[in-house]
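Subject: Structure handover and findings

Hello,

Here is the structure for you to look over. My notes follow below it.

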Amino acid sequence: MTSQRTRDRLVRRLREEGISNERVLQVIRDTPRHLFVDEALASRAYEDTALPIGYNQTISQPYIVAAMTDLIIRNHPQKVLEIGTGSGYQAAVLAPLVAKIYTVERIEPLYKQARQRFRKLGLRNIRASYSDGTEGLPEFAPYDAIITTAAAESIPQALLDQLSPDGGRLVIPVGGRARQTLTLVTRRGDKFEREALDPVIFVPLLNGQT
Ligand code: SAH
């Protein structure tokens, strides 16, 4: 179930779907996704599908994690902020590829579980916070890159403000509940270039903590 073969099969599939960054594929192969879902779902952890993690939330589909990771690491960021820790899987995939990751979650039990997973896996360059990501994480700004794994109806101003003015990149699903567009924003000084990428489906970015 968690054999090398099932992981290799996932990587082969991601390759077929167009993921070509070898470093990203290697990290996906090495990251134990079965430890980021409930035991009852562990046998499905290496399928290319989103899975429930409780509290009406999901761990993203590996293809989306790989594609977003690829976008995020293209300009070799040192400091990355993730909005929407969820299971912690996306942060764990980014951890070997960047110097430092800050990740924020608004649902306390998910935050606590993810923090335990990071500790257990020895992922020491991830700093998890229990807070409302629509406000970003101003204490440690600016960020070379910000990845948002929940969909925003419109891009929170705080996230734009906390991007590094020197080519900082924000990857965020933008749109209503049913369907969104993965959007890449690149900041150069006071200019924000916006590029629409693929259609995606994410859970909504909500305000406040619970
Ligand atoms: N990156 C996660 C995906 C989790 S789904 C993973 O790899 O598993 C998106 C997550 O975003 C949910 O856990 C949800 O609670 C969280 N979220 C939604 N709005 C948020 C907000 N304003 N601040 C922080 N987290 C938020």
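Exposed is over 50% relative accessible area, buried is under 20%, and partly exposed is in between (1.4 Å probe, protein chains only). Helices (H or I, at least four residues) and strands (E, at least two) are DSSP runs, numbered from the N terminus.

Two points on the source. The model is predicted, so local features need pLDDT of at least 70 and side-chain atom pairs count only at pLDDT 80 or more, while totals for chains, interfaces and linings use all residues. Residues are numbered from 1 along each chain as its sequence is written, and side-chain values use heavy atoms, with hydrogens and water left out.

Helix 1

The buried residues here are Thr6, Arg7, Leu10, Val11 and Leu14. Seen down the axis of helix 1, they fall within an arc of 140°, so they line one face of the helix. The arc is that of the directions from the helix axis to the C-beta atoms. An α-helix has 3.6 residues a turn, so residues three or four places apart point the same way. The buried residues of helix 1 pack against helix 2 (22-30) and helix 3 (62-73). Contact means heavy atoms within 4.5 Å.

The length of helix 1 checks out too. Its 13 residues (4-16) should span 18 Å at 1.5 Å a residue, and the end C-alpha atoms are 18 Å apart, which agrees. The expected span is 1.5 Å times one less than the number of residues. After helix 1 comes Gly18, with a positive phi near 110°.

Helix 2

Asn21 caps the N-terminal end of helix 2, with a side-chain oxygen 3.0 Å from the backbone nitrogen of Arg23. A polar contact is a pair of N or O atoms within 3.5 Å; within protein, one must be able to donate a hydrogen and the other to accept it, and residues adjacent in sequence count only if both atoms are side-chain atoms. Val24, Leu25, Val27 and Ile28 are the buried residues of helix 2. They cover an arc of only 165° around the axis, which puts them on the same side of helix 2. They pack against helix 1, helix 3 and helix 4 (89-94).

The ligand

There are 27 residues around the ligand, and Ser87, Glu105, Asp132, Gly133 and Leu206 come nearest. A residue counts here if one of its heavy atoms lies within 4 Å.

- A ligand nitrogen is 3.0 Å from a polar backbone atom of Gly84.
- A ligand oxygen is 2.6 Å from an N or O atom in the side chain of Ser87.
- A ligand nitrogen is 2.7 Å from a polar backbone atom of Gly133.

The protein covers 99% of the 580 Å² of accessible area that the ligand has on its own. Accessible areas come from the Shrake-Rupley method with a 1.4 Å probe; for residues, only the protein chains shown count as cover.

Val104 lies in strand 4 (residues 100-105). Val104 is buried, with a relative accessible area of 1%. Beyond four places in sequence, its contacts include Gly84 and Gly133.

Thr149 is in the loop between strand 6 (145-148) and helix 6 (157-161). Its relative accessible area is 11%, which counts as buried. The Thr149 side chain reaches the backbone oxygen of Gly84 at 2.8 Å.

Leu110 is in helix 5 (residues 108-120). Leu110 is buried, at 1% relative accessibility. Leu110 and Ser87 are 23 residues apart in sequence, with C-alpha atoms 6.5 Å apart. Among the residues that Leu110 touches beyond four places in sequence are Tyr55 and Glu105.

Backbone points to check

- Tyr55 is not a glycine, but has a positive phi of about 55°. It sits in the loop between strand 1 (51-54) and strand 2 (57-59). Tyr55 is partly exposed, at 47% relative accessibility.
- His76 also has a positive phi, near 50°. Its place is the loop between helix 3 and strand 3 (79-83). His76 is exposed, with a relative accessible area of 62%.
- The peptide bond from Ala141 to Pro142 is cis, with omega near 5°. Pro142 is in the loop between strand 5 (126-130) and strand 6.

Best wishes
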